Amino acid sequence: MQETATPSAAPGTLDSRLEQTLAWLERHRLLLAMASFAMGAASFLLVQRGERLAQWIALLLVLNWLLIISEATLGRWLSRFRWARFSPMVLRYGMQAVHQQTFFFCMPFLLSTTTWSSGQALFTGTAIAAALVSMWDPLYYGVVAPRPALHLAFHGFAMYLAMLTVPPLLWQLDTTQSLALASVTIGLLSVPSLAGLIGPRKPWRWAMLLGAAAALGLLSWLARPWVPPATLWLGQAVISADVDAEQREPGTSLATVSDQVLRRDGLCAFTAIHAPRGLSEQVFHRWLFRGQEMLRLPLQIAGGREQGYRAWSCKHSFPADAAGRWTVQVVTDGGQLIGVVRFRVQAAGGAPPPAIP
């Protein structure tokens, strides 16, 4: 049987302009990724300066996600028009465009807030890989889109990133609240996709559907130690023997401190934490030695400061054998790692510290 090609629209008509627009978008899809990354970078810089324009940029991402959530309804609405033959292509490119925009918009936040020496590197590496897949048609349309389960995971991951990044910018939700909202959202919005995978609607299948959605939301919550706090990052982290409380500045930065100085002066961990304007959040300094938490101090930070919110914790009591590597972790109330600062205590008499088992 001989196939017949769909005739091209007459030049100058609406159909012709739509064909030209879709063809241009297909040829220049890389520009969308670059523009999305630029929007994310601009939002990140504006957040750092405390400007509210970042909220309007984030709102555009929310509007795009609303279009994707209403994909089926939008498709039925488009089918009413005479150029409805374009609607599957418009929706297909629209879905891909929103995935691209989400991944690349969130990328500057993830790259700046990831602690690369932790499991967060795997999370951000996955986001980078997903962003590249969303740009490359042979993988996106050849591997991801045809497989419902894989497409569900891809779609859910993009949505999860959006919920981590946008609520703190728009509504000043703290990172723990945003993480909880992202977990609930990914569970709820996965229901339609899971329903297609589970099959006929029988009571036990409905129970399986709800259980799978709840498990997906719970899994995303339990994975929070591996998730960067997308809108909180360290601008400065210093270990010092003292802090000028009036000027809110640390003393000399120390990477190694002698046991004698430690006993005499104690140590302070000074951090400057950047956050969006209007955001108020409790974070913690966790002093760790040989994997054990020795001190945990709460700090209340407020966003919108160009230099970051400067706060510190000081420790004056140390174990008898304090020689070795110490770590101060800065974590959110939900357990997300914001950053790490390390120092070494030199054993009394200048001998090298004992090896840590």
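**Entry 1**

I began with F154, which counts as buried because its relative accessibility is 10% (buried is under 20% relative accessible area, exposed over 50%, partly exposed in between, with a 1.4 Å probe and protein chains only). This is a predicted model, where local features need pLDDT of at least 70, side-chain atom pairs count only at pLDDT 80 or more, and totals for chains, interfaces and linings use all residues. Residues are numbered from 1 along each chain as its sequence is written, and side-chain values use heavy atoms, with hydrogens and water left out.

Next I looked up ring pairs (Phe, Tyr and the six-membered ring of Trp, centres within 6.5 Å; planes under 30 degrees apart are stacked, over 60 edge-to-face, the rest tilted). I got 12 aromatic pairs by this rule.

**Entry 2: F123 with F157**

I then checked F123 and F157: ring centres 5.5 Å apart and planes at 75°, so I noted the pair as edge-to-face. F123 is in helix 6 (residues 120-135) and F157 in helix 8, so the pair ties together parts 34 residues apart in sequence. Both came up buried, F123 with a relative accessible area of 12% and F157 with 17%. I also found that ring pairs join F103, F123, Y140, Y141, F154, F157 and Y160 into a cluster.

**Entry 3: helix 6**

I checked the length of helix 6. Its 16 residues should span 22 Å at 1.5 Å a residue, and the end C-alpha atoms are 23 Å apart, which agrees (expected span is 1.5 Å times one less than the number of residues). Among the buried residues of helix 6 I listed Q120, T124, A127 and V133.

**Entry 4: charges over rings**

Here I wanted NZ of Lys or CZ of Arg within 6 Å of a ring centre and within 35 degrees of the ring normal. R248 lies over the face of Y309, 5.6 Å from the ring centre. The charged end of K315 is over the ring of F318, at 5.2 Å from its centre.

Technical notes:
Helix = DSSP H or I, 4+ residues; strand = E, 2+ residues; numbered from the N terminus.
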